[in-house]
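Please open the model in your viewer and keep the selection tool at hand. This tour goes stop by stop, saying what to select and what is there.

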Amino acid sequence: MWKAVNSGSAAAEDALKQYLPPCQMKCPINEDIQRTNVLISMLPLDLEEALDGIVQIGDYLYEWNPLFPVCGYVCGLCELECNYQEKGGAIRRRLLKRFISDHYLNRIREKPELDVEKTKENVAIVGGGPAGLMCAYDLSRRGYRVTIFEASDRLGGALWLIPHYRLPEDVLTTVVNNLVRISGADVKMNAKIGDGKLTLDKLKKDGFRAVFIAKGTPLPRILTYGREKVEGQELSGVMYGQTFLYEVSHGNIQPGYFRGKKVVVIGGGNVAFDVARTACRLGGETTVVCLECADKSSRDGIPADEDEIKGAWEEGIRIVYSRGVRKIVGQGGKFQKIECPLCTSVFDDNGFNPQFDPTDVITIEGDVLMITVGQGPDRSFLHQEGLLNEKGGLAVDPLTLQSLNKDWIFIGGDIRRIGFMVEAMHEGLIAAESIERYLRGLDMKAGRKRQFEAQDIPYRRVYKHEPEVVWIPPEKRLHFQLFERGFSLKEAVEEAKRCARCGPCVSCKACLAIDIQDCLPTVEVNEDVCSGCGICTSICYYGAAGSRYKEGRMISSTDVFRCKACGMCVVACPSQARKMVGDTMEQKIDQVYAGLTA
Amino acid sequence: MSEVTTEWVVHGWSKGKQMSKKPKVAIYWLGACGGCDEAIVDLNEVLLKVASAVDIVLWPLAMDYKYDSIENAPNGSIALSIIHGNIRNSEHEEMARLLRKKSQIVMAFGACACFGGTAGLANFCGAESIMKWVFHEAPTVENPQHQMPQAESPWDGQTLTLPELLDHVYTLDQVVHVDYYLPGCPPPPDLISHAIFAVLEGKLPPRGAVLAPQKALCDTCPRNNTKPPKMDITEINKIHEIEADSHTCFLMQGVVCMGPATRSGCGETCLRINTPCRGCFGPVGGVEDSGAKFLSALTSLVKATTDEQVRSIMEKFQDPAGCLYRFTQPTSILGKRVKARETV
Amino acid sequence: MPLHEPKIVCFSCCFGWGYLTGRDVLSLRIKHWIPVVCTGKLDSTHLLKAFREGADGVLILGCPDGDCHFQDGNYQTRKKIHLLHRILESYGIDPRRLRMELGTDPEGNTIPKLVENMARELKQLGPVRINGRQVSAGVSAEP
């Protein structure tokens with residue numbers, strides 16, 4: 001809960017609702033986007049000189065989000081809610097973050113371990129993906145002794161599914177490995193909880209007082225038609241996209257693997273496109289077949305990001321919309337073609353319920369079939385450990401992530417509900433807080449339900465257009481290097497300047513950080529003098545100055561959360577009924593004027 | 001406002017006791033047009049009440065008097081001096097100082113005494129150029145020998161004197177200490193009677209107060225609620241250049257109305273006859289320069305995208321200084337000057 | 001008699017001018033310098049008062065159009081300058097004495113130069129006079 005820090009009588013009450021810019025609301029971890037935007041905009045234009053500032057910004061981001069460099073490559077949820085969208089294009093915040101991480105990565109390797117004494121209990125984290133890693137870092141910071149149990153031989157979880165042309169390998173490994181080093185967490189590789197003797201009870205016996213389960217969704221979903229499993233999924237040449245991407249990330253697939261081959265990818269999500277674009281880079285002639293239609297604004301629209309679809313199309317990938325797969329046909333045990341009836345609708349009011357027209361069927365031939373229709377959790381493990389409810393769903397409190405069946409177990413991330421990387425990270429943080437409250441005997445729920453309200457974009461005369469994002473031309477990008485060019489320092493500073501800073505001062509305070517002000521001033525209205533002329537209300541760019549009736553007379557007031565203390569209303573008030581409290585400009589002016597006749 | 005009793009105990013009058021002496025009141029004009037006197041006469045029947053309650057010792061409009069009687073009166077013997085008009089020449093200065101010496105309470109009555117009034121605009125020209133214009137340069141003047149009025153002229157073995165034009169128009173309080181202010185050009189009858197009876201009954205606010213409401217005109221203006229939430233001025237018109245709507249805010253019609261920066265209390269007499277406010281009640285409490293504040297307010301409402309557009313809108317605002325400082329030039333930030341004061 | 005050395009009061013916006021250099025360092029090079037958080041906070045009263053208190057010139061350095069941290073503060077002040085020039089003329093003050101420039105200089109090194117340039121241009125005008133009368137300490141003191 002933010003309290004407005006000010007030294008006037010205009011004190012702000014504890015807000016039940018927190019005002020935030022919409023980008024920070026959309027970010028699952030409510031990162032300080034506005035603040036970092038302002039800090040970036042104030043960097044010197046010489047890279048040498050700017051490094052110090054960049055490192056400071058990086059340190060600040062790292063403190064709350066040790067996985068932030070990865071976000072700079074793969075996230076960008078904030079941009080979906082950016083108020084500037086309708087005014088010229090969302091602020092390219094992801095690229096700004098990537099800019100910081102590009103110059104900060106070296107620092108991460110040198111960052112010292114957390115200076116925290118681990119005096120509290122042992123906690124086990126099952127799963128070394130984003131959720132588990134964030135939880136491990138947060139708990140370590142709080143003084144717990146954390147052990148991560150990872151089933152595979154490397155940390156990172158589903159992040160390894162992301163092709164290297166989007167997320168470079170060294171960024172991922174640097175971030176993940178150093179997180180573990182800095183946090184001081186213990187890691188056990190090739191330790192799959194649920195395998196044989198490694199049960200949750202064994203963990204309890206071994207002294208772990210709480211466990212966070214973040215095993216993710218390692219199992220690819222099988223292809224179904226109606227409610228039946230489609231035949232032919234065991235044919236040679238048929239694979240699951242997810243498995244394929246893991247293999248690629250392990251380096252097991254040689255370049256040119258699909259040269260001369262026709263690859264058909266079933267699926268319409270981002271992972272399907274990752275598979276398709278990877279196959280394309282391995283030389284395959286690739287087609288994507290999905291249930292959804294091309295109109296992203298409709299309920300049945302294809303879920304993949306516009307950027308992915310555009311990139312895929314540029315790389316020569318064909319996309320076939322509104323088709324289901326009724327049958328996988330093989331010949332001699334090898335995949336040959338699929339039969340695709342027209343999908344007339346995907347969702348109805350009850351949810352996912354695709355409808356088909358059996359009279360409109362096409363066939364698509366290929367050498368390789370990649371099924372990428374989703375991933376699922378290891379349900380048998382959950383069932384074995386007694387973590388499901390009677391209906392077969394996960395028995396967990398959505399606010400605290402505490403298991404409803406076993407109070408020392410906490411479950412979060414994709415295993416609970418499949419979502420974005422940062423959503424999983426958020427659940428890692430929630431679990432860490434819950435575990436702390438549980439082990440310290442505090443109330444599990446108090447103060448945790450937060451309500452946010454988005455602030456609108458401030459008014460200004462001229463809005464600026466977004467910069468172009470530069471991609472390597474498609475014919476030159478069929479390799480696994482990054483194809484998106486990041487910002488130069490100058491571009492980053494310019495783009496950060498474009499941010500309209502919609503959010504309230506109390507959630508930003510960048511100006512205090514850069515030493516432009518000593519405190520956040522507030523604006524007070526002298527109601528004995530205010531005539532209700534409405535000029536302040538008209539001029540306020542932030543919708544903070546308002547007019548209302550008080551005892552039958554019009555009076556103006558200031559909404560402390562919207563007010564940026566920009567001073568326009570104070571200047572415009574013809575009665576001088578408004579005053580800045582906590583601002584030192586008047587004294588400075590008097591001082592200098594006194595020196596004029598000295 | 002705390003109540004202040006005047007020393008010479010006027011309660012006697014309000015409590016109905018027979019006073020041996022009625023309080024003495026002087027009403028005097030300095031650099032004035034006579035409008036303020038007219039306003040006092042406009043009290044009508046109330047004037048009779050006032051006249052019977054006080055002893056008017058000086059009122060050039062209505063009575064015969066000689067300066068000697070004032071000079072010979074003991075200091076502080078006049079309970080209340082209502083002084084209107086600004087200080088433009090040496091006689092004004094002399095009389096202002098004289099009445100200050102002889103009075104307990106000095107009230108600056110009307111815009112000229114309070115802020116300098118319209119004649120204050122002369123400060124933009126300067127005394128010398130005014131004299132040259134009036135007596136020589138004006139097109140209708142025939143004065144081939146450049147004869148100018150002199151402060152002293154010999155005539156028939158004697159010296160005739162004329163008051164000398166000061167080089168600057170001063171407000172009353174820039175020359176003597178003023179106890180109360182009653183703004184307006186002229187002040188309206190209801191404010192006048194309130195003020196006078198407040199003095200007589202001893203129910204006055206602390207000295208230095210303005211005897212009019214605290215807030216700007218928009219507070220009481222019937223057109224205030226016709227303003228849209230976003231007020232954009234895209235052109236400036238003079239009142240005669242448009243057919244002004246009689247219910248909508250003038251600023252919204254592009255007509256400069258000083259209301260937002262002017263103290264209320266006049267009863268919006270100008271607005272009721274579809275004329276914009278010209279600012280004769282001066283600034284609201286706490287504001288030094290209502291013209292400067294109005295400039296800030298007005299420009300903040302001007303809506304334009306380019307510098308050129310702003311310039312072309314502003315160009316239609318003829319004589320901004322004259323409009324913004326019509327009544328208040330001598331109290332403006334750049335126009336203010338103080339003549340050495342005698343302490344009371 | 002040597003020409004009068006004009007006193008220039010310089011207002012500059014902290015978000016656009018000199019934020020990368022220490023304030024104490026810059027203030028040694030700019031005599032009557034007032035860094036402000038947004039030039040939009042400057043009222044007509046501040047600007048007019050400068051002349052009354054003895055400034056021969058006022059230079060306002062705001063951020064480029066469209067770059068104001070508070071959306072349009074620089075534009076608000078720009079609008080005032082138009083009318084203020086005409087007011088100054090009525091008071092017998094050459095409008096060239098009030099100037100606003102839009103731009104950005106994070107190091108702030110051009111500020112002393114801009115002040116010097118203005119001083120040089122105003123030198124031939126002599127000291128500021130308000131309606132013909134020279135300003136000196138205490139003359140325009142409040143009643």
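## Stop 1: a helix over a sheet in chain B

Select helix α5 (residues 90-102) of chain B: this helix lies across β1 (24-29), β3 and β5 of chain B, at about 135° to β5(B). Some ground rules come next. The model is predicted, so local features need pLDDT of at least 70, side-chain atom pairs count only at pLDDT 80 or more, and totals for chains, interfaces and linings use all residues. Residues are numbered from 1 along each chain as its sequence is written, while chains are lettered from A and ligands numbered from 1 in the order in which they are written.

Helices (H or I, at least four residues) and strands (E, at least two) are DSSP runs, numbered from the N terminus. Axes are lines fitted to C-alpha atoms, for helices over the stretch in contact, and angles run from 0 to 180 degrees between N-to-C directions. Two residues are in contact if their C-beta atoms, placed from the backbone, lie within 7 Å.

Now show the strands of this sheet. Five of them form an open sheet in chain B, in the order β2-β1-β3-β5-β9, with parallel pairing. Its edge strands are β2 (55-58) and β9 (180-182) of chain B, each pairing on one side only. On average, neighbouring strands here are turned by 25° against each other, direction ignored. Two strands pair if DSSP finds at least two bridges between them.

Zoom in on strand β3 (residues 78-84) of chain B. Six bridges join β3 to strand β5 (residues 103-109) of chain B, and the two run parallel. Pick Leu80(B): its bridge partner in β5(B) is Ile105(B).

## Stop 2: chain B meets chain C

Colour chains B and C separately. Here 24 residues of chain B are in contact with 24 residues of chain C. On the chain B side, α10, α11 (307-315) and α12 (320-324) each supply at least two residues. The largest share of that side, six residues, comes from α10(B). By class, the side of chain B that touches chain C has 11 nonpolar, six polar and seven charged residues. Ala, Val, Leu, Ile, Met, Phe, Trp, Tyr, Cys and Pro count as nonpolar, Asp, Glu, Lys and Arg as charged, and the others, Gly among them, as polar.

How do the axes of α10(B) and α2(C) cross? Helix α10 (residues 290-301) of chain B and α2(C) have axes that come within 8 Å and cross at roughly 135°. The two helices are therefore oblique to each other. Angles under 35 degrees count as roughly parallel, over 145 as roughly antiparallel, 65 to 115 as roughly perpendicular and the rest as oblique.

Show side chains at this crossing. Ala292(B), Lys293(B), Leu295(B) and Ser296(B) of α10(B) meet Ser44(C), Thr45(C) and Leu48(C) of α2(C). These contact residues divide into three nonpolar, three polar and one charged.

## Stop 3: chain C meets chain A

Turn to the other contact of chain C. It takes 30 residues from chain C and 26 residues from chain A. On the chain C side, β2 (32-36), α2 (44-52) and α3 (73-90) give two or more residues. That side has 15 nonpolar, eight polar and seven charged residues.

## Stop 4: inside chain C

Select Val128(C), in the loop between α4 (110-123) and β5 (129-130) of chain C. Is Val128(C) buried or exposed? Val128(C) is buried, with 24 other C-beta atoms within 10 Å. A residue is buried if 20 or more other C-beta atoms lie within 10 Å of its own, exposed if 12 or fewer, and partly exposed in between; C-beta atoms are placed from the backbone. Leaving out residues up to four places away in sequence, Val128(C) touches Phe51(C), Asp56(C), Ile93(C), Arg97(C) and Val135(C).

## Stop 5: chain A

Of its 598 residues, 46% count as buried.

Select strands β13, β14 and β15 of chain A: they form an open sheet in the order β13-β14-β15, with antiparallel pairing. Strand β14 (residues 334-348) of chain A pairs with β15(A) over 10 bridges. Cys343(A) stands opposite Phe356(A) in β15(A).

Finish at Ile555(A), in strand β22 (residues 553-558) of chain A. Ile555(A) counts as partly exposed, with 19 C-beta neighbours inside 10 Å.
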